[in-house]
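Trainee: I am new to this structure. Can we walk through it together?

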Amino acid sequence: MSHVVKKRKLDKTRQDRLYFDSYTDVTIHEEMIADHVRTNTYRMAILNNSESIRGKVVLDVGAGTGVLSMFCVQAGARKVYAVEACSIAEQAANIVKQNNMEDKIEVIRGTVETVDLPEKVEVIVSEWMGYALLHESMLNSVLYARDKWLKPGGIILPHKAELYIAPVSDPVVEDRLQFWYTVKDQYGVDMSCMSDFARGCIMNSDITVNSVHGEDVLSHPARFAELDLHTVTVEELRSVKGKFNFESFGSAAVNAFCVFFTVTFPCPDKPQPLVLSTSPFKPETHWKQAVLYLDAPVDVVQDTVVTGEISMFPSEESARHICIHVDYIIGEQKRQSKTFSIPDWSSGAQS
């Protein structure tokens, strides 16, 4: 007997609990600290803004182990409020004490929406980005902190985020699909009819978090959205969208789009701002890229035009989860549409 499982919308309390519980284990913090691109870019950005931080009060939103708070003390901050909602806050307090910074850093257990700070701040720092920038991100909390606690003229690190999309060819997927045509030569059993089933399983509607190699990107990426953290509103985050237009580099099969992001830090004394990039053309980060597989590959040649629109919006099941909808035309093909989401493995455990 088959069962149809209907997804239930999670209430906000359960959404938050599942989200914060995911940060109680050491593995995710090890992964983030070990991500040298991420951690060192934040360190350099904070130190490069020492003139704006020295003697000032800082709010670290979602402080985790407190590493960004300690970078702020190294940059001369007078006081840092490290706000962290999950139990890792206890470890952050231990780390602060181990580094003799307890007179400068106050670790506060709670969400930024519920804690009460004794004063307003001149600086907000946060590593809020999720997969595809907005999946399970803390950006709403950063904006709440901005509106409630940031003094006029204060700074936000990072202060800008940008989203990009590019068409890609995934040779691993092609090899996996081709595999079923090779079984007969190896074992004398024709399994080529499995290829359609395999295609449906692999090229599904999931947002796949994976590393894309630069050589598999088939055109110059297109920027489709820019978020200014000083002005963007929570309402605007309900639909982040834009258009794209590509011209293919050469002959290949487009079987996916990839989405990635950059965040930018102001550097007043430098000719260029500091950018943390998750581009396939840059060193890999733990965010990797978000890969959106088409239902079937489409062959392109040099200068084949790929156009379309992309929109990102919260899932109906959980506001912390992101969905991505893409409308696209490849060459002379008719317009196609597909909506993607990241699987919610927790939903199967609901009682």
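Trainee: In which helix does Tyr 187 lie?
Mentor: This is a predicted model: local features need pLDDT of at least 70, side-chain atom pairs count only at pLDDT 80 or more, and totals for chains, interfaces and linings use all residues. Residues are numbered from 1 along each chain as its sequence is written, and side-chain values use heavy atoms, with hydrogens and water left out. Helices are DSSP runs (H or I, at least four residues), numbered from the N terminus. Residues 171-187 form the helix that holds Tyr 187, namely α8.

Trainee: Is Tyr 187 buried or exposed?
Mentor: Buried means under 20% relative accessible area, exposed over 50%, and partly exposed in between (1.4 Å probe, protein chains only). Tyr 187 has 61% relative accessibility, so Tyr 187 counts as exposed.

Trainee: Is Thr 41 buried or exposed?
Mentor: Thr 41 sits in helix α3, residues 36-48. Its relative accessibility is 12%, so Thr 41 counts as buried.

Trainee: Which residues does Thr 41 touch, not counting residues up to four places away in sequence?
Mentor: Contact means heavy atoms within 4.5 Å. With that sequence limit, Thr 41 touches His 36, Phe 265, Leu 274, Val 275 and Leu 276.

Trainee: How far apart in space are Thr 41 and Ser 277, C-alpha to C-alpha?
Mentor: In sequence, Thr 41 and Ser 277 are 236 residues apart. In space, C-alpha to C-alpha, the distance is 9.7 Å.

Trainee: Which residues in α3 do Met 32, Ile 33 and Ala 34 meet?
Mentor: Met 32, Ile 33 and Ala 34 belong to α2. Their partners in α3 are His 36, Arg 38 and Thr 39.

Methods. Helices (H or I, at least four residues) and strands (E, at least two) are DSSP runs, numbered from the N terminus.
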